[in-house]
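Here is a short report for someone meeting this structure for the first time. Please keep the view open while reading.

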Amino acid sequence: MEFSKRLDLFGAEVFAALNEKRRALEAEGRRVFDLSVGTPDFKPSAHIMDALVESAKDTDNWKYSLHDKDELLDAVCAYYKDRYGVEGVGRDMIMSCRGTQEGMLWPLMALVDPGDLVLVPDPCYPVFQNATLLAGAKCAYYPLTAEHDFLPYVAGIDPEVADAAKAMIVSLPANPVGSVGTPEVYAQIIEFAREHDIVVIHDNAYSDIVFDGPAGGSFLAYPGAREVGVEFLSLSKSFNVTGMRLSFLIGRPDIVAAAKKLRGQVDFGMFYPEQDVAIAALTGPREQVEEQRMMYQERRDALCDGLEGIGWERPNAHGSMFVWARLPHGRRDSMAFALELMEKSGVIVTPGASFGPSGEGFVRMALVLPPERIREAVAAIAAAGL
Ligand SMILES: Cc1ncc(COP(=O)(O)O)c(C=O)c1O
């Protein structure tokens, strides 16, 4: 028997190598600071957990959940209006999905044919590349570099590539590079998409983790956005519900309908108690979300001030739960650096190269420890003498 060629599209998981090393350190009883994975250490609010418990007691809620409930769709519409100031999101512009990670596949599958091109950021959250490949398309990478503040620079994309591309994945605030979109950048992306007939798929996982100013917004708030694209609204990071897989695809109705048609072939939809959790999150109080944003900012300050204090370049860290740090002393090999750092300091970071070639020379650090632990981690890095 031979497995499909599809399997050959994906290499070994970088976290496997890091985990193996981590287990070895822990077995030796070493102190470890894990800044590698972006799983929030904050808890979901009580009203969100209560909604699950209450809803799960209703036996009707255990049947096949063939539709997104109207109440859920209306909660998303109201959230877009209250939270992002986006008017006019209709029920036909929304599809629930099991997290953005899996959800990303559906609009791509609906848009591309084998061999088509999708513009993907480099470096990027790996699912942008992986879902593109699973959908049978090819990735045309556009770089996110220091020269352009780690933001998409559409003027730098080859017009022939742009004409050939069917879709462009954009995600700001950006994992792993920590940059935040500006109105100018979004206007350029929308104009570029119009000019080259490209669908924009915007992943908005971190609109509630934006630093040094007001909370983040929505791509759909920009003029022309809903004619050229769709957005993923994930509840994972805003509400600390990563395990439940609550996300929505929102935007141009024909794209949402096409994605629904494909998804409906293999998936019955979001479990009703999960729909009730999403309603509770979207319609409930948002003070905790704002407090959390400030706590992430304190962590960001502790890490960036600390690294700068020990001679690193100040990292890029304007939003998302990640800090993007250039390796110190001109070092370039991010995997070798990450392994050496772990061995010598117990601090686990993710090598930049695992997010794409433009990530080489950097490491990503997740803001998943309280400020005092982050300061201890920085002290351990300093003591390692790298
Ligand atoms: C940019 C980005 N999008 C999406 C996700 C995951 O979202 P979900 O939990 O909805 O799949 C992550 C998680 O790390 C992320 O960094």
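## Two crossing helices

Helix α13 covers residues 334–345, and helix α14 covers residues 371–384. In this predicted model, their axes come within 9 Å and cross at roughly 100 degrees. Angles of 65 to 115 degrees count as roughly perpendicular, so α13 is roughly perpendicular to α14.

Which residues make the contact between α13 and α14? From α13 come Leu-341, Lys-344 and Ser-345. They meet Ala-380, Ile-381, Ala-383 and Ala-384 in α14. By class, this contact of α13 with α14 has 5 nonpolar residues, 1 polar and 1 charged.

## Two domains

The domain assignment divides the protein into domain 1 and domain 2. Domain 1 is made of two stretches, 5–43 and 287–384. Domain 2 runs over 64–283. The centres of domain 1 and domain 2, taken over C-alpha atoms, are 26 Å apart. The contact between them takes 28 residues from domain 1 and 31 residues from domain 2.

Look next at the side of domain 1 that touches domain 2. Here α12 (287–309) and β9 (322–326) each supply at least two residues. Helix α12 gives the most, with 5 residues. By class, this side of domain 1 has 13 nonpolar, 11 polar and 4 charged residues.

## Around the ligand

How many residues surround the ligand? There are 13. The closest are Gly-99, Gln-101, Asn-175, Ser-234 and Ser-236. Helix α4, residues 99–103, provides the largest share of this shell, with 3 residues.

The shell around the ligand divides into 10 polar residues, 2 nonpolar and 1 charged.

Most peptide bonds are trans. Where are cis bonds found here? Pro-173 sits in the loop between β5 (165–170) and α8 (183–196).

The peptide bond from Asn-175 to Pro-176 is also cis, with omega near 10 degrees. Pro-176 lies in the loop between β5 and α8 as well.

## Positive phi angles

Most residues other than glycine have a negative phi. Asp-149 is not a glycine, yet its phi is positive, at about 55 degrees. Its place is in the loop between β4 (138–143) and α7 (159–164).

A glycine with a positive phi follows helix α1. This is Gly-29, with phi near 80 degrees. Helix α1 itself spans residues 14–27 and has 14 residues. From its first C-alpha to its last, α1 reaches 20 Å. That is close to the 20 Å expected at 1.5 Å a residue.

Notes
Residues numbered from 1 in each chain as written. Predicted model: local features only at pLDDT ≥ 70, side-chain atom pairs only at ≥ 80, totals over all residues. Near = placed C-beta within 6 Å. Helix = DSSP H or I, 4+ residues; strand = E, 2+ residues; numbered from the N terminus. Nonpolar A, V, L, I, M, F, W, Y, C, P; charged D, E, K, R; others polar. Domains from an automatic or database assignment. Contact = placed C-beta atoms within 7 Å. Axes fitted to C-alpha atoms, helices over the stretch in contact; angles between N-to-C directions. Parallel < 35°, antiparallel > 145°, perpendicular 65-115°, else oblique. Expected span 1.5 Å × (residues − 1).
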